[in-house]
Amino acid sequence: MGGKKKAVTVGYKYYIGMHMLLCHGPVDKITQINVDGKRAWSGGHGGGRLHISASNLFGGEKREGGVSGSVDILMGHPNQPKNDYLKARLGSKIPAFRGVVSAILRQVYIGMNPYLKRWAFRVQRIHVRDDGRPQWYNDKAEIGSGDMNPAHIIRECLTSLDWGMGYTDEDIDDNSFIHAANQLHAEGFGLSLLWDKETTIDKFIELILKHIDGALFVDRKTGRFTLKLIRDDYDKSSLIKLGPHNVGKINDFTRPTVGELTNSVTVQYWDRSTGKNATVSAQDIALAQQQGCVISTTQKYPGITNGGLASRVASRDLRGYANPLIGCVLIANREAASLNVGDVFLFEWPQYGVSETVMRVTNISLGTLTDNKVKIECVQDVFALSEAIYASPTPTGWALPLSEPAPCPYRLLVEAPYYEVVQRVGMDEAAKLAKEDGFLIVAGTKPAEDALNADLHVNSGGGYELVESLEFTPTALLMADAGYMDTSLSIGQTVDIDIVEIGSHIQINDELMQVTAISDTEIKVNRGVADTIPHKHPSGSRVFAWDYYGETDGVNYQTGEIVHAKITPATGRGILDLGVAPQDSVRFNSRASRPYPPGNFKINNQYYPKLVTGALVLSWAHRDRVQQADHLKGFTFGDVGPESGTTYKLKIWDENNNLVVNESELTGNTYNYTDEKKHLGQKVTNPTNIFEYAIEGEHTPSDGYLLINVGVRRRERDPHLNILNTDDPDWDTNYGQTKDIGVFHYVYDPATATSIIEQPEIIPVFDLSWELYIFCWNRSSGNDVAEIDLELQNKTGQTIAAIRVKKEGSYKNGLWYGSSLNDLTKAKQEGSYPGTKGVFSFEADRLIFQHNLDDPNRNLAFEFQCDMSSVAQIKASNMKTVTGYDYAGTYIKIIGGGTGSFMRQRRLNHKLRISLSSQRDELQSNQSYDVTVDRDGYGYQYGKYYGGH
């Protein structure tokens, strides 16, 4: 059967053109656009066209679609032209919409639901006035990240000709406003809020004054509006004094009793990071205990945008509510006429037991033409409470400890593992993520005991944005080294460790662990949970218990993106300035989509062994990130899964860093190294069983350091010439000196024995007391060759003296010497078939060769002048043996001086490096095993050779 499938409509995409008026304009910029409570766009757009790319905002085409398309932002400048899109749709007879900020959707895709969702725009106007002119005193107009100085807000309410009171700049006392602006900027006291005509402008100004604890009045001397902040900014000794001598009458004197006080203040504010209202509370615990219950009040401060400032304001208000402040109305003479609203004075009234108490003016009346008395409404100043003198004082013995805000001393910025993603967005949403998707996790530790919380700021390329409030992460230090398998960890210098929950995870360096028990001195854990494996951790490593305290911005980042974050902690004194907060960064790498590494990894049934015996057997346990999404499994737990499509990658290197095993598609959970002898013993160089050995002893030599280069070819394969045949009765005679070997190179019974060590060998020390025995021969004519080059070098590798032994014809062997291999002199010879056999010795200024007197065929003795005192090593190269008929060879052996200190301490393939990881969909596990082990009994005994014939 054939034919084409019929198209089926599964849904509709909806687009809209729309013009939305937002607020008075112009403004500085648009910073965020939300649709149905979800962030569709963020940045800093100063007007013109922007593009929204959030087509998956509501779940993509499988659900309700998203939002994408072009939006024109009209700032409302006085010379703003008509918008081309509106003219094309409505004609040219339309206004230019100057003086207001508006957004025009140019046929924007709004999803697969025909019902229009709620759009919300976050705008900022700080640096431009409502008429488009630059802001007054612009240097101090912005506070923090996007809040406006309240002094500027009040000034604009007074002077705006459009929506304000319409006063001129001459009606404003600039000195008082500049002083207040500087103070508020230093305090980090910025506000963000919206005024609409449902509230009168004077009520709006009162709201701002309530936020900042300030007073606005017309100065009687200048006739100008004056802004005064209620602060501890006066010298008590300079204040005027009011009392019985200049106050004729006191009315409405009040001093609340303890039962009338309020011991808890809750501040409701607007949290910029969430776009919703939030609350913080401050409480006088001692007063609450004295009163026997909590007496609270709630104050609304809609202009505050962060928890740090809200906490400070709550503490400020609590100080006034929780103290028995005196209040009264004074009728004074003209000595008090110099006072203004917000001013302070010293007050005494013995009748009520009040002496030298600082009072602050809340309202003042200067009387009439017929009555020149000054009427003052006043209240006790909270800033002078500690200095007030009462007839019967009751000291509390308590002072409010407030630290300056400081950076988090330890911070963690990571890409979230899959387990954490599921905890944040749920299993269903996590399953929909593409493999490039990732989420941010940020954690920080408490900088001071009274630190309240912190704000999280994230910069993914468009500048820092306040995204979330952050609670501090409990922390501790490791007080002792932790090995791979240690589950009881010694800790100290703890902070809030008592709030860590059993079953939650902690992080030390790059390893996640699950807490099974905890105290101030010890944490018990399951090692290597989620997508991590056990690691060693040195004493002093930082413990982060971020499971319930790490925060995310909720943004879906892509592989390769680099994201930066800053944490700004808050105390009762304020919030840390973003500019001084340290920056941390992370590059996203598809962590949540990567398969979990295998668990329970063993080598010869041992965890992380230092030494193994016998054939190599590896085993591990399967892991499945999806099945483990809602629970943590420790490293030693058995099989889970594996996740569909997961395979394992195994690599093994020998001790010379040669890759001998490279498996990339393993599906089981064991591996038996069946080719171990082939890969890790003798190296097969050709099909005719020519083998090369490079064996180095692990023990101290008894007979000196020996270089041997031997080739053997015998038609009848004489067993006594096989150096591997240690049971032969002639073996000790022929090869006994090879028990203690520096370098050994051997060829036995090929068609043509060819043996060449291409890699130079270096004896890394030298002593003038040494004597070198040398014996080089070729026993027949034909192609028999025995050659070697020696260079005696200083510490930098410069050659001081050179020696060459080389075939010079049938049965003949020559000897050369000189200052380098390129500048050699031939030694004199005797006999028909001279060979090289004798001893080299050394003095500070010369090299000496003494030939063997028993052999009539020889290279003769010589001396060579050179700086032997600078020699530090011997380099051997061109170690060549070729035998066409019989055999040939070279021995060079140290027979004098100390010989044990320089022997290299290793065996052939005594060490193996093993790497194991998992992979799926071209992604490798977040972590992989990389273990080096020693193997017992490998590499130096003739009875234990591998890969030979």
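Arg125 is partly exposed, at a relative accessible area of 22%; this class lies between buried (under 20% relative accessible area) and exposed (over 50%), using a 1.4 Å probe and protein chains only. Its partner in a salt bridge is Glu156. A salt bridge here is a side-chain nitrogen of Lys or Arg within 4 Å of a carboxyl oxygen of Asp or Glu. The closest N and O atoms of Arg125 and Glu156 are 2.5 Å apart. The pair links distant parts of the chain, 31 residues apart. Arg125 sits in the loop between β7 (119-124) and β8 (142-143), and Glu156 in helix α2 (residues 150-159). Helices (H or I, at least four residues) and strands (E, at least two) are DSSP runs, numbered from the N terminus. Glu156 counts as buried, at 6% relative accessibility.

The model is predicted: local features need pLDDT of at least 70, side-chain atom pairs count only at pLDDT 80 or more, and totals for chains, interfaces and linings use all residues. Residues are numbered from 1 along each chain as its sequence is written, and side-chain values use heavy atoms, with hydrogens and water left out.

Arg846 takes part in salt bridges with Glu843 and with Glu863. The closest N and O atoms are 3.7 Å apart for Glu843 and 3.0 Å apart for Glu863. Glu863 lies in strand β58 (residues 862-865) and Arg846 in strand β56 (residues 846-851). These two residues are 17 apart and link distant parts of the chain. Arg846 is partly exposed at 21%. Glu843 is partly exposed at 40%, and Glu863 is partly exposed at 47%.

A network of salt bridges links Arg49, Asp72, Asp84 and Arg106. The count comes to 31 salt bridges.
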